[in-house]
Every structure is written in structure tokens, then in C-alpha cells.
Amino acid sequence: PRKADVDRNYVKLMRLLLGSGVYHAIATHDSQIIDETCRYTSERKLGKDAFEFQMLYGIRADLQQCLAREGYRLRIYVPYGREWFSYFMRRLAERPANLFFVLKGALHA
């Protein structure tokens, strides 16, 4: 699938889920999807405590800090256990740009 198609469907599902009134998590590092989520929830006057963002530790720490400063709920995941490396590699393979964010974070640590 093309990234644009996947992103469009993700936003469609985000709107459907957040519009349901049930607490949901939006798990993404994509700043455009995050911006659209913030815009959607603000327009519908959904509180920042009505949902959470979820992100992996070490990927887009700058964005994580920004969301936290703005008052959004944020859950940071740290892969662990015997299969942590294969899980982490799958996440990187799903979106190779994430490797850039990991390397950038490691250089600034």
C-alpha cells in the first residue's frame, strides 16, 4: 500500500474512534497525523484527557516533549523481553524514517 493511502485511512479511523466517546490511543510518530488528531479533537471540543498518544521510546523525543508540554496524554513504550529486538526491528522496517529518529536521538543523548 502507498503511504498516502495508509495515512488517509488512519485519519479516517482516528476520527471514527475518537468520535465514539470511548477512550482510545493514537499510536503514531507521524507529525501530520498527530497534527490532524489535535485539530480534530480541538474542533470537537474533546478534552486532551479523552485520548492518548502512544510512541516508542527513542523515536521523536522532540515531538513527545512538545505533546506533553501542550497537555496531551502520552504513553511511551519501551520494548523489552526476549523478543524486544525483533519487535523493535519490525517497527523500524515498517517505516524506515524511524531509523533516522533513533540515530538522531542517540546522537543527542
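Guide: Lysine 48 puts its charged end over the ring of tyrosine 72, 4.8 Å from the ring centre; that label needs NZ of Lys or CZ of Arg within 6 Å of the ring centre and within 35 degrees of the ring normal. Mind that this is a predicted model, where local features need pLDDT of at least 70, side-chain atom pairs count only at pLDDT 80 or more, and totals for chains, interfaces and linings use all residues. Residues are numbered from 1 along each chain as its sequence is written, and side-chain values use heavy atoms, with hydrogens and water left out.

Now the rings themselves. The structure holds four aromatic pairs (ring centres of Phe, Tyr or the six-membered ring of Trp within 6.5 Å; planes under 30 degrees apart are stacked, over 60 edge-to-face, the rest tilted). One of them joins phenylalanine 51 and phenylalanine 53: with centres 5.3 Å apart and planes at 80°, the pair is edge-to-face. Phenylalanine 53 also pairs edge-to-face with tyrosine 72, at 5.6 Å between centres and 70° between planes. Since phenylalanine 53 belongs to strand β2 (residues 51-56) and tyrosine 72 to the loop between α3 (61-69) and β3 (73-77), this pair ties together parts 19 residues apart in sequence; helices (H or I, at least four residues) and strands (E, at least two) are DSSP runs, numbered from the N terminus.

Put together, Phe51, Phe53 and Tyr72 make one aromatic cluster. Phenylalanine 51 and phenylalanine 53 are both buried, phenylalanine 53 at 0% relative accessibility, and tyrosine 72 is buried too, at 11% (buried is under 20% relative accessible area, exposed over 50%, partly exposed in between, with a 1.4 Å probe and protein chains only).
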